[in-house]
Amino acid sequence: QLLSTMGATRCGDGTVDLQATADPGVIINWYDTPTGGTALDTGSIFTTPVISSTTDFYVSASTGDVPTEVGPTDLSIGSYATWNSTAQWLNFTVYSTVTIQSVDMFFQTVGAAFSIVIRDASSLATVFTYNGTTTVASTTTAQVVPINATLPPGNYQMNLGTTVGTYRNSTGGVYPYTIPGVLSITGNTFNPAYYYMFYRWVVGAGCESPRVPVTAVVNPADP
């Protein structure tokens, strides 16, 4: 876990060195967003990009691999349309124990309850369920859904458990989408050109703490 964090201050444009400490053997990850995205750097000292105003960065502690993104990032991979069914599943294989920390989804309405289910591809038994509510309605801005599903090696399928208005691609699917040795999105149950609902998976082969903001303060330079 994280033990301490320390922001820093500078005058005028430039970089700032931020610091954090953690338990021995723990990886310290630095981000520019409070959730989602890919780590900018790792280690106890993070040198920010050049900034011209006070900016929050975010730090977490993790064991195992730093979270990695896999899968299409958004609907722009091809033609897309609304989807109001639970008929089709995304197929994926886990090669080593992983946590799917989040997936991006594009919803039609705000305030609708939904669920995500993961099932064993062989037995069809449900192994994980996430319940949530839509908060973003857009075809360009995703809702980051923090499912935090930890799965052992095996073959799985993911789908909506309850019908809610979302979007899926009818062209542009190019399988597999793979993190070597960790996880691969291998296809779907309908058509290999289609891609269903769950975009930009953030996957970690380990555990990660919640992110903590660390502030880089920029004061006006002396005249």
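This short talk walks through one predicted protein model, from the whole chain down to a single residue.

Some ground rules. The model is predicted, so local features need pLDDT of at least 70 and side-chain atom pairs count only at pLDDT 80 or more, while totals for chains, interfaces and linings use all residues. Residues are numbered from 1 along each chain as its sequence is written, and side-chain values use heavy atoms, with hydrogens and water left out.

Start with the whole chain. The protein chain has zero helices and 23 strands. Here helices (H or I, at least four residues) and strands (E, at least two) are DSSP runs, numbered from the N terminus. The C-alpha atoms fill a box of roughly 65 × 40 × 30 Å, taken along the principal axes. How many of the 223 residues count as buried? The figure is 45%. Buried means under 20% relative accessible area, exposed over 50%, and partly exposed in between, with a 1.4 Å probe and protein chains only. Now contacts, meaning heavy atoms within 4.5 Å. Of those with a separation of 6 or more, 77% come from residues 24 or more positions apart.

Next, a sheet. Six strands form an open sheet, in the order S13-S12-S16-S10-S19-S18, with antiparallel pairing. Two strands pair if DSSP finds at least two bridges between them. At the edges are strand S13 (126-133) and strand S18 (177-179), and each pairs on one side only. Neighbouring strands of this sheet are turned by 20 degrees against each other on average, direction ignored. For such angles, axes are lines fitted to C-alpha atoms, for helices over the stretch in contact, and the angles run from 0 to 180 degrees between N-to-C directions.

Let's zoom in on S10. Five bridges join strand S10 (residues 90-94) to strand S16 (residues 154-160), and the two run antiparallel. Leucine 90 has methionine 158 as its bridge partner in S16. Asparagine 91 has glutamine 157. Strand S19 (residues 183-188) is also joined to S10 by five bridges, again antiparallel. There, threonine 93 stands opposite serine 184.

Is S10 covered on one face or both? Both faces are covered. Leu90, Phe92 and Val94 are buried on one side, Asn91 and Thr93 on the other. In a regular strand the side chains alternate between the two faces of the sheet.

On to the largest pocket. Its volume is about 310 Å³. On a 1 Å grid over the protein atoms alone, a pocket is an open set of points with protein on both sides within 12 Å along at least five of seven lines, and lining residues have an atom within 4 Å of a point. Grid points are joined across faces, edges and corners, and a volume is the space filled by probe spheres set on the points. Of the 15 lining residues, the closest to the centre are Thr35, Gln101, Pro146, Asn148 and Arg211. Which strand gives the most to the lining? That is S11, with three residues.

Last stop: alanine 216, in strand S23 (residues 212-219). Alanine 216 is buried, with a relative accessible area of 0%. Aspartate 56 is 160 residues away in sequence, yet 6.2 Å away in space, C-alpha to C-alpha.

Definitions and conventions:
1 Å grid on protein atoms, 1.4 Å probe; cavity = no way out; pocket = protein on both sides within 12 Å on 5 of 7 lines; lining within 4 Å.
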